[in-house]
Amino acid sequence: MGVYERQLNLVAPYWRRIALSMVCMALVAGCGTASLYIIKPTFDELIVNKNKEMLNLICAAVLVIFGVKGAALCSNAYLMSYVSQRIITRLREDVYNHIQCLPVPYLDKMKTGNLMSRILNDVGAVQITLSDSVTGIIKEVFSAIGCVGIMFYMDPWLALGSIFIVPVAFLPVFKVGKMLRKTSAKAQHTIADLSVIMHETIAGNRIVKAFGMEAYEKNRFRKENESLLKFTMKAVLVRAVNSASMEFLGGLGIVSIMFYGGHRILSGGMTAGNLFSFLAALISLYEPVKRLANINNSIQQGLAAADRVYELLDQPIEIIDQPHAKRLEPVRNHIEFRDVSFGYGDKHVLSQISFRVDAGQIMAVVGMSGAGKTTLINLIPRFYEVTAGSILIDGIDVRDVTLSSLRSRIAVVTQQSILFNDTFKNNILYGDIRKSDQEVIAAARAANAYDFIMKLPNGFETTVGEAGARLSGGERQRICIARALLKDAPILILDEATSSLDSDSELEVQKALENLMKGRTTIVIAHRLSTIKNADCIITLANGRIVEQGCHTDLMTRESEYRRLYELQFAQFSKEDRGIALVNS
């Protein structure tokens with residue numbers, strides 16, 4: 001479906017209001033036509049024939065005409081503003097909802113600022129298109145029809161000759177429209193790039209300042225801003241040239257009619273009132289013609305933004321449930337990876353992964369950076385879809401259950417503590433918004449977060465700040481653990497949940513994690529191998545494959561990759577401890 005058809009589909013549900021608006025525009029055009037017609041009796045009866053009796057009648061008619069016109073304009077403005085605002089509200093909501101349903105791999109590739117630009121800037125540009133196109137076209141077309149009617153009424157042959165000039169005036173409009181659409185598309189891309197820069201540098205302002213990169217970021221922003229200025233001024237120039245050419249063609253037509261009509265008045269073939277009324281209609285005709293050209297320019301700019309909006313809306317949504325999918329029950333027996341493989345395009349990340357973790361057990365996944373650990377655990381909640389093999393929960397393939405029920409059974413705590421700029425209470429309630437205040441407090445206590453929350457001025461109603469910037473790493477992580485505790489899911493995924501913490505914070509978080517893991521089937525990615533000694537099973541990944549598995553004691557008694565990693569890490573930590581002791585001495 002083309003962009004024009006999609007725009008019309010957006011408008012279609014509001015056809016009643018648009019029809020009423022068309023009636024208002026017809027009244028406006030009719031009043032304009034009537035005001036043009038009055039020129040003839042005003043000129044002939046009052047100025048030429050000195051007919052005093054017509055004065056009161058003409059004044060009353062003019063008052064009625066402009067009163068009706070004003071009311072119709074007001075009604076039309078409200079109706080069309082309502083339609084355009086409702087359409088844009090719906091479109092913005094559709095775009096946001098669609099983004100929420102897009103698959104993780106697509107969102108990983110897209111920049112946050114770019115997506116924000118689609119919702120705010122591009123949808124806003126579409127609004128201009130809708131309001132200008134629907135309101136403007138209806139109004140100007142009716143006005144043009146009224147002017148043409150007056151012209152034919154005054155002199156059909158002269159009107160027929162004048163009409164031939166209109167297509168000539170429209171010739172540059174179509175070429176200009178294509179140029180504007182291309183330029184506007186480039187401008188919209190540049191706005192998106194500016195949004196990306198602003199989002200990244202504002203969110204990462206501490207890094208910018210810490211590395212003294214303020215000048216670099218200012219220069220990067222300046223270059224993009226100058227590019228936007230260049231595209232904007234190019235569009236302004238194109239519109240200005242188009243407007244100038246139409247003015248000249250319009251002036252040429254008016255001069256031709258004045259020359260021809262003047263000779264007819266001198267020869268007695270036309271009255272002065274007819275000529276002046278005809279000229280007024282012709283001049284009035286060129287105004288809607290010019291405005292229609294400007295509307296086309298605005299439409300082309302809006303269509304460039306609409307292309308970007310629909311490009312996003314056409315992206316396939318997240319994994320869809322199979323027709324036979326059923327709800328997943330809580331884990332009673334085991335989770336099993338059976339010959340699982342996964343890759344991004346031609347890049348193979350995991351190959352023939354097979355293991356089993358029984359209900360209530362703790363499975364640890366270790367390996368060097370880039371081994372595929374995080375990718376492996378992302379396959380369980382189906383953030384990514386396996387390319388071969390299958391993942392089974394109690395013997396049921398996760399592709400045969402509904403996505404919502406699968407994810408409702410899984411709680412995730414990651415290395416990156418994701419918090420929202422909301423209260424502590426609402427951040428914890430994100431685990432399950434149906435839970436009570438007492439359950440929120442219980443989850444905070446179990447996560448060792450209650451004490452530091454209650455020391456704050458407003459307790460649980462205190463706002464955490466954007467991304468939890470007001471909290472320490474350990475405090476942020478304990479809120480995330482409280483959120484997972486509140487969800488009370490039978491499957492728990494811990495993705496290096498303590499890797500970025502100092503020793504004191506790690507101790508507090510580890511205690512909270514122990515409370516969280518009780519009675520749950522847990523899969524842990526561990527950065528510090530000392531934290532997974534008590535895991536029921538440990539698997540070691542290398543180059544996307546399992547090279548060994550067993551418990552800590554078993555793996556340490558043989559020449560294993562796990563033992564090598566453990567000893568390497570132990571030596572590193574011992575070296576750090578010696579350095580700290582040397583500094584303290």
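Me: What makes strands S4 and S5 a pair?

Reply: Strand S4 (residues 388-393) is joined to S5 by two bridges, and the strands run antiparallel. Pairing requires that DSSP finds at least two bridges between two strands, so S4 and S5 qualify. Leucine 392 has aspartate 397 in S5 as its bridge partner. A word on the source: this is a predicted model, where local features need pLDDT of at least 70 and side-chain atom pairs count only at pLDDT 80 or more, while totals for chains, interfaces and linings use all residues. Residues are numbered from 1 along each chain as its sequence is written, and side-chain values use heavy atoms, with hydrogens and water left out.

Me: Why is cysteine 537 called buried?

Reply: Its relative accessibility is 16%. Buried means under 20% relative accessible area (over 50% is exposed, in between is partly exposed; 1.4 Å probe, protein chains only), so cysteine 537 counts as buried. Cysteine 537 is found in strand S9 (residues 537-542). Beyond its neighbours within four places in sequence, cysteine 537 is in contact (heavy atoms within 4.5 Å) with Ile362, Met363, Ala364, Gln549 and Gly550. Across the protein chain, 45% of the 585 residues count as buried.

Me: Why is the packing of H14 and H16 called oblique?

Reply: Helix H14 (residues 437-446) and H16 pack at an angle of about 125°. Angles under 35 degrees are roughly parallel, over 145 roughly antiparallel, 65 to 115 roughly perpendicular, and the rest oblique; H14 is therefore oblique to H16. Their axes lie 8 Å apart, and the crossing is right-handed. Glu439, Val440, Ala443, Ala444 and Ala446 in H14 meet Ala482, Leu485 and Leu486 in H16.

Me: What makes a set of residues a nonpolar core, and which residues have the most contacts inside the largest one?

Reply: A nonpolar core is a set of buried Ala, Val, Leu, Ile, Met, Phe, Trp, Tyr and Cys residues joined through side-chain atoms within 4.5 Å. The largest has 44 residues, and Ile428, Ile453, Ile481, Leu516 and Ile532 have the most contacts inside it. Helix H16 (residues 473-487) gives the most to this core, with seven residues. Setting aside neighbours within four places in sequence, isoleucine 428 is in contact with residues including Val440, Ala443, Ala444, Ile453 and Ala482. A second, separate core of 33 residues includes Leu376, Ile380, Val386 and Leu541.

Me: What counts as a helix or a strand here, and how many does the protein chain have?

Reply: Helices (H or I, at least four residues) and strands (E, at least two) are DSSP runs, numbered from the N terminus. The protein chain has 19 helices and ten strands.

Note on methods
Axes are lines fitted to C-alpha atoms, for helices over the stretch in contact, and angles run from 0 to 180 degrees between N-to-C directions. A crossing is left-handed if the near helix is turned anticlockwise from the far one by less than a right angle, and right-handed if clockwise.
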